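Dear colleague,

Please find below the structure I wished to pass on to you, followed by an account of what was found in it.

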Amino acid sequence: MTLLTLKDFAVTRRGRDILRNVSLSVCPGELVGIIGPNGAGKTTLMRAALGLIDHNGQSTLAALSARERGRAVAWMPQQREIAWPVNVQTLVTLGRTPHLGTGQRPSAADQAAVDRALERMDLQSFRDRTATRLSGGEQARVLIARALAQETPLLMTDEPIAGLDPAHQIATMKIFGALAAEGKSVMVSLHDLGLAARHCTRLIVLDQGGLVADGPPQDVLTAERVRVTFGINAFLQNTPEGLIFQPLDVVA
Ligand SMILES: Nc1ncnc2c1ncn2[C@@H]1O[C@H](COP(=O)(O)OP(=O)(O)OP(=O)(O)O)[C@@H](O)[C@H]1O
């Protein structure tokens, strides 16, 4: 069983090839980090896979109806604007929308899913706070909670830990790891290669719209790959705790 399959997947915008020839599958139990320099195509890959932008080739998610897709994948985009001054509880409950019939009010089971998401993101004490009055990092955690409340087999999220403090970055990556350990999957674009190396079960590297590496972090994040794709020299060491990665310098 796969949660997402892309076959010969490509995106062209304004006559430019932004994504070329990407084929991959995501299975249950994976925490997949999507990494690559600015402009490599990470956001484009996820948005097109969801059917939000035009593409060529196949995406099993894009082929679903909007309602089926809402039950198959939760999407947390990079833009984190919270438009309405609703409280946190109400905002996170919006994550249950794909599970509700037209005009149907959230049930006790929906409320339990919201409670689980709030607890996972350590937000129980924020329940009644107005979402627009929270700090940027707190708002990010609320939006992750909304995606978690959707309780889909796959969570796709674009730079979710940007702007979080170190403790909440690590905690969030651990939550994603726990979801994978439960048999769900998470696809997450990241610029922090240290956290990607440490927490992801698999890394997909994009460079100039092409998939240039796909595999376990220790196979993908080699000194050579980091130099060629990211233009940096880094300290890399395999430890029992996983791969340790520390960027050191820009390649001259
Ligand atoms: N609507 C658009 N029209 C034309 N080009 C676009 C459009 N959207 C994105 N691009 C281009 O597509 C390329 C990939 O963009 P994308 O946002 O997917 O990169 P990214 O890897 O997510 O980058 P970042 O790390 O900076 O967020 C970039 O060169 C970008 O300028």
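In this predicted model, the buried residues of helix 5 are Ala140, Arg141, Val142, Leu143, Ile144, Ala145, Arg146, Ala147, Leu148 and Ala149. Helix 5 is thus mostly covered, with 10 of its 14 residues buried. The elements that cover these buried residues include strand 5 (73-76), helix 3, helix 4, strand 6 (154-158) and helix 6 (166-181). From its first C-alpha to its last, helix 5 reaches 20 Å, close to the 20 Å expected at 1.5 Å a residue.

Just after helix 5 comes glutamate 151, with a positive phi of about 45°. Such a value is positive in a residue other than glycine. Glutamate 151 sits in the loop between helix 5 and strand 6. It counts as buried because it has 22 C-beta neighbours inside 10 Å, the cut-off for burial being 20 or more.

Is aspartate 122 buried, exposed or partly exposed? It has 15 C-beta neighbours inside 10 Å and therefore counts as partly exposed. Its C-alpha atom is separated by 22 Å from that of alanine 196, which is 74 residues away along the chain.

I turn next to the ligand. The residues around the ligand are Arg13, Arg14, Ile18, Gly36, Asn38, Gly39, Ala40, Gly41, Lys42, Thr43 and Thr44. By class, this shell has two nonpolar, six polar and three charged residues. Which element gives the most to the shell around the ligand? It is helix 1 (residues 42-49), with three residues.

One member of the shell, arginine 14, has a phi near 50°, a positive value in a residue other than glycine. Arginine 14 lies in the loop between strand 1 (4-13) and strand 2 (16-26). With 5 C-beta neighbours inside 10 Å, arginine 14 counts as exposed.

Finally, some remarks on the protein as a whole. It contains nine helices and 11 strands. Its C-alpha atoms fill a box of roughly 55 × 40 × 35 Å, taken along the principal axes. A compact globule of 252 residues would have a radius of gyration near 18 Å, and the protein has 18 Å, which agrees. Buried residues make up 38% of the 252 residues. Among contacts between residues at least 6 apart in sequence, 64% join residues at least 24 apart.

With kind regards

Methods: Residues are numbered from 1 along each chain as its sequence is written. This is a predicted model: local features need pLDDT of at least 70, side-chain atom pairs count only at pLDDT 80 or more; totals for chains, interfaces and linings use all residues. Helices (H or I, at least four residues) and strands (E, at least two) are DSSP runs, numbered from the N terminus. The radius of gyration is taken over C-alpha atoms; the globule rule is 2.2 Å times the number of residues to the power 0.38. A residue is buried if 20 or more other C-beta atoms lie within 10 Å of its own, exposed if 12 or fewer, and partly exposed in between; C-beta atoms are placed from the backbone. Two residues are in contact if their C-beta atoms, placed from the backbone, lie within 7 Å. A residue is near a molecule or strand if its C-beta atom, placed from the backbone, lies within 6 Å of it. Ala, Val, Leu, Ile, Met, Phe, Trp, Tyr, Cys and Pro count as nonpolar, Asp, Glu, Lys and Arg as charged, and the others, Gly among them, as polar. The expected span of a helix is 1.5 Å times one less than its number of residues.
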